[in-house]
Amino acid sequence: MNAIKKLLFTFNYQNGGLLFYRIVLGLSMMFHGYLKFAGGEKMLYGVGHMLAGFGISGGYLALGTMAATAEMLGGLLIILGLFSRLGSFLVIGTLFVATMVDLGHGFFKWDYPSQMMFGALMLLIVGPGRYSFDWKHRN
């Protein structure tokens, strides 16, 4: 019974959980960025053009490229735990815009990007944990 009590109430899984979450979130974001690049200029332009609803009237290819780059670079930094707060900030920015773009199109359109954004916000606040390059650099 003591072993079960110790396992349930005293063993700390926090750093392993942060590592697991960083890997899952980072891979997801990197894959989203990759798909944007893989779709070519047409895809990147389309991603940028989503901002037309906010009154932005040009530079759509550049904006789409920035979004894809932020997803790929942010995801990689989150996975490695290297400048992970910068990576989280990049991901938060992109997902905030994605959430705002989809806000008026029903719950299931904006729910996913908002949940991912809040997960990245959690990493921004908490940090990457012990199993990261940031931890090694700091200690």
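The model is predicted: local features need pLDDT of at least 70, side-chain atom pairs count only at pLDDT 80 or more, and totals for chains, interfaces and linings use all residues. Residues are numbered from 1 along each chain as its sequence is written, and side-chain values use heavy atoms, with hydrogens and water left out.

A pair of aromatic rings is described by the distance of the centres and the angle of the planes. Here, rings of Phe, Tyr and Trp (its six-membered ring) pair if their centres lie within 6.5 Å; planes under 30 degrees apart count as stacked, over 60 as edge-to-face and the rest as tilted. Four aromatic pairs were found in a search of the whole structure. One of them joins Y45 and Y60. Their ring centres are 5.4 Å apart and the planes stand at 90 degrees, so this pair is edge-to-face. Y45 belongs to helix 3 (residues 40–49) and Y60 to helix 4 (residues 60–80), so the pair ties together parts that are 15 residues apart in sequence. Helices (H or I, at least four residues) are DSSP runs, numbered from the N terminus, as are strands (E, at least two).

Y45 is partly exposed, at 43% relative accessibility. Y60 is buried, at 9%.

F107 and W110 form another edge-to-face pair, with 5.2 Å centre to centre and 80 degrees between the planes. Both residues lie in helix 6 (residues 107–126). They are three residues apart, about one turn of the helix. An α-helix has 3.6 residues a turn, so residues three or four places apart point the same way. F107 has a relative accessible area of 43% and is partly exposed. W110 is also partly exposed, at 25%. Together with F108, F107 and W110 form one aromatic cluster.

Helix 3 has L44, V47 and G48 as its buried residues. Seen down the helix axis, they fall within an arc of 100 degrees, so they line one face of helix 3. This arc is that of the directions from the helix axis to the C-beta atoms. The buried residues of helix 3 pack against helix 2 and helix 4, where contact means heavy atoms within 4.5 Å.

Helix 2 (residues 14–38) contains L35. This residue is partly exposed, at 40% relative accessibility. The C-alpha atoms of L35 and A3 are separated by 47 Å, and the two residues are 32 residues apart along the chain.

Key: Buried < 20%, exposed > 50% of the residue type's maximum accessible area, 1.4 Å probe, protein only.
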